[in-house]
Amino acid sequence: MSQRLVEIWVGVFVAIGLAAMMVLALQVSGLTELRQPPGYHVTAKFDNVGGLREKAPVSMAGVRVGRVEAIRLDPDSYQAEVKMRINERFGAIPADSAAAIYTSGLLGEQYVGLEPGWETEPLADGDRITETQSAVVLERIIGQFVTGMQD
């Protein structure tokens, strides 16, 4: 009977360990946000989004204020249109704010950074950020450096 009890306890600890690993994997992947916090959508057009992906963070002054919800190619302007969901806690972001695509570290993930403007009118649901700065493409910079050295 004691051998059976030990096997049951080992099974319980293995199950707890697997559940902990699953929770950790969901936390790291960002899939735990099944419920979206209340917020509003804004869009911005960029010439190049580089490696920006859906669910990438949107931050302001280093604080995450939202997430990228969708990226699509605008068939009229041939620019990438990025749809962002901003948490309603950050509803006082000025309407004339600028958006830029940055990279975390040298080769880290890309995110959208917002720079506040000076208007007193805040961004509202459906607004468009017109002042944007595209992603810096490392391959393009290296190519310009190499061709510049050949002159």
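The briefing below takes up the nonpolar core, the strand pairing, the aromatic pairs and a pocket in turn. The model is predicted. Its largest nonpolar core has 23 residues, and two aromatic pairs are found in the structure.

**Nonpolar core**

- Within the largest nonpolar core of 23 residues, those with the most contacts inside it are Met 84, Ile 86 and Leu 114.
- Two or more residues of this core come from each of β1 (39–46), β2 (57–60), β3 (63–73), β4 (80–87), β5 (98–103) and β6 (110–115).
- Leaving aside residues up to four places away in sequence, Met 84 touches a set of residues that includes Tyr 40, Val 42, Ala 44, Val 58, Val 68, Val 112 and Ile 129, and also His 41, Arg 67 and Glu 69.

**Strand β1 and its partners**

- Six of the eight residues of β1 are buried, that is, under 20% relative accessible area, so this strand is largely enclosed by the rest of the structure.
- β1 and β4 run antiparallel and are joined by eight bridges, and in β4 the bridge partner of Val 42 is Met 84, a residue that also touches Val 42.
- β1 and strand β7 (residues 127–129) run parallel and are joined by three bridges, and here the bridge partner of Val 42 in β7 is Asp 127.

**Aromatic pairs**

- The rings of Trp 9 and Phe 13 have their centres 6.2 Å apart and their planes at 35 degrees, so this pair is tilted.
- Both Trp 9 and Phe 13 belong to helix α1 (residues 2–29), where they sit four residues apart, about one turn of the helix.
- Trp 9 counts as partly exposed at 48% relative accessibility, whereas Phe 13, with a relative accessible area of 55%, is exposed.
- For Tyr 102 and Tyr 111, the ring centres are 5.9 Å apart and the planes lie at 45 degrees, so this pair is tilted.
- Tyr 102 is partly exposed, with a relative accessible area of 29%.

**Second largest pocket**

- The second largest pocket has a volume of about 200 Å³, and the residues that line it include Ile 101, Tyr 102, Thr 103, Leu 106, Leu 107, Gln 110, Val 136, Leu 138 and Ile 141.
- Two or more residues of this lining come from each of β5 and α2 (138–150), and β5 gives the most, with three residues.

Note on methods:
Residues numbered from 1 in each chain as written. Predicted model: local features only at pLDDT ≥ 70, side-chain atom pairs only at ≥ 80, totals over all residues. Heavy atoms only, no water. Core = buried A, V, L, I, M, F, W, Y, C linked by side-chain atoms within 4.5 Å. Buried < 20%, exposed > 50% of the residue type's maximum accessible area, 1.4 Å probe, protein only. Contact = heavy atoms within 4.5 Å. Phe/Tyr/Trp six-rings, centres within 6.5 Å; stacked < 30°, edge-to-face > 60°. Pairing = 2+ DSSP bridges. 1 Å grid on protein atoms, 1.4 Å probe; cavity = no way out; pocket = protein on both sides within 12 Å on 5 of 7 lines; lining within 4 Å. Points joined across faces, edges and corners; volume = space filled by probe spheres on them.
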